Amino acid sequence: MKKLEIGVHKDIPFNEYAADEGINASTLKHCAKSPLHAHAERNHPSKQTPAMALGDAAHASVLEPERFEADFAKGLSCSRRSKADKEKWTEWEAAHPTQTALGEKDWNIVESIRDSVSKHPAASELLLGEGLNEVTLIWEDEDGARRCKGRIDRLTAYGKYPAVVDLKTTKDASVQGFGTEIARYHYHASAAWYLRGANALAPMNRRFFFIAVEKVPPFAVGVHELDAYSIEVGSALCQRWLEKYTRSLDSGNWEGYPAGIINQTLPVWAQREIEEEEAY
């Protein structure tokens, strides 16, 4: 793997960031299952799903409009089933050799996401002021033994405080809905990791904001600030995962699930359902 210099980098293409050997939050999150899963993800990253591709296009449209224009184009409305349609697509691809085709539906979704974000007062304030988008951070952990990395959507300021901004497409940007996604997808751990990297390079009291935008009509936007407790919990998770990962990295023994018998019981939510049914 390649190495970038320790520090804050702008204008680093994603493929160069991905090639750096540093440990990132996307890898560590898989330690929630086991270091073996994290090792597998690092060496054989998951393939991009249609939802991920749509999210990438939306990110580019909002945060990197020049890249969006260069990398994406509105595709044809026809399928590739008939010979005539295949010929049309062949001509389209020849005219757009480096661009990804977005279907009309996805193209309209991306435009709606961009427009909704730009019209939201707090979101637009976070995005339009002075700051840097798509920032790569490379740092060494506290003891200098581990090389770490992160890619932040935006570094800016909000009020009197420096801030980190993370843009998320979601099904539900409401307080409860997006709160559930924060917990389910460990967004609080990602936030803590980004703050950890930023503070390793330039210590200061930063705020953390998610701009959550729904990817279905009416494309509503919610700006959520993560509180100190959530950051603390996320930081503890990152530390636990990092220790697990580096132990396996040092030993070469990538631990999976426990080797012995696992005592299993019904999840709490299932027990509650049973209790509720018995109450009637």
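Arg-151 touches Ile-12, Pro-13, Phe-14, Tyr-17, Glu-134, Val-135, Thr-136 and Tyr-194, residues up to four places away in sequence being left out; a contact here means heavy atoms within 4.5 Å. The model is predicted, so local features need pLDDT of at least 70 and side-chain atom pairs count only at pLDDT 80 or more, whereas totals for chains, interfaces and linings use all residues. Residues are numbered from 1 along each chain as its sequence is written, and side-chain values use heavy atoms, without hydrogens and water.

Arg-151 belongs to strand S5; helices (H or I, at least four residues) and strands (E, at least two) are DSSP runs numbered from the N terminus. Arg-151 counts as buried because its relative accessibility is 13%, where buried means under 20% relative accessible area, exposed over 50% and partly exposed in between, with a 1.4 Å probe and protein chains only. Two of its partners are also reached through polar atoms: the side chains of Arg-151 and Thr-136 form a polar contact of 2.8 Å, and a polar atom of the Arg-151 side chain lies 2.9 Å from the backbone oxygen of Ile-12. A polar contact is a pair of N or O atoms within 3.5 Å; within protein, one must be able to donate a hydrogen and the other to accept it, and residues adjacent in sequence count only if both atoms are side-chain atoms.

Strand S5, which spans residues 147–158, also holds Lys-149. Lys-149 is buried yet has no salt bridge, and its nearest side chain of opposite charge, Asp-20, is 5.1 Å away. A salt bridge requires a side-chain nitrogen of Lys or Arg within 4 Å of a carboxyl oxygen of Asp or Glu. The Lys-149 side chain does reach the backbone oxygen of Ala-18, at 3.3 Å. Among the residues that Lys-149 touches are Tyr-17, Gly-22, Trp-139 and Trp-193.

Asp-166 lies in strand S6, residues 161–170. Asp-166 counts as buried because its relative accessibility is 5%. Its contacts include Asp-153, Tyr-194 and Phe-209.

Of its 280 residues, 40% are buried. Among contacts with a separation of 6 or more, 65% join residues 24 or more positions apart. Along the principal axes, the C-alpha atoms fill a box of roughly 60 × 60 × 45 Å.

Terms used:
Lys, Arg positive; Asp, Glu negative; His and termini not counted.
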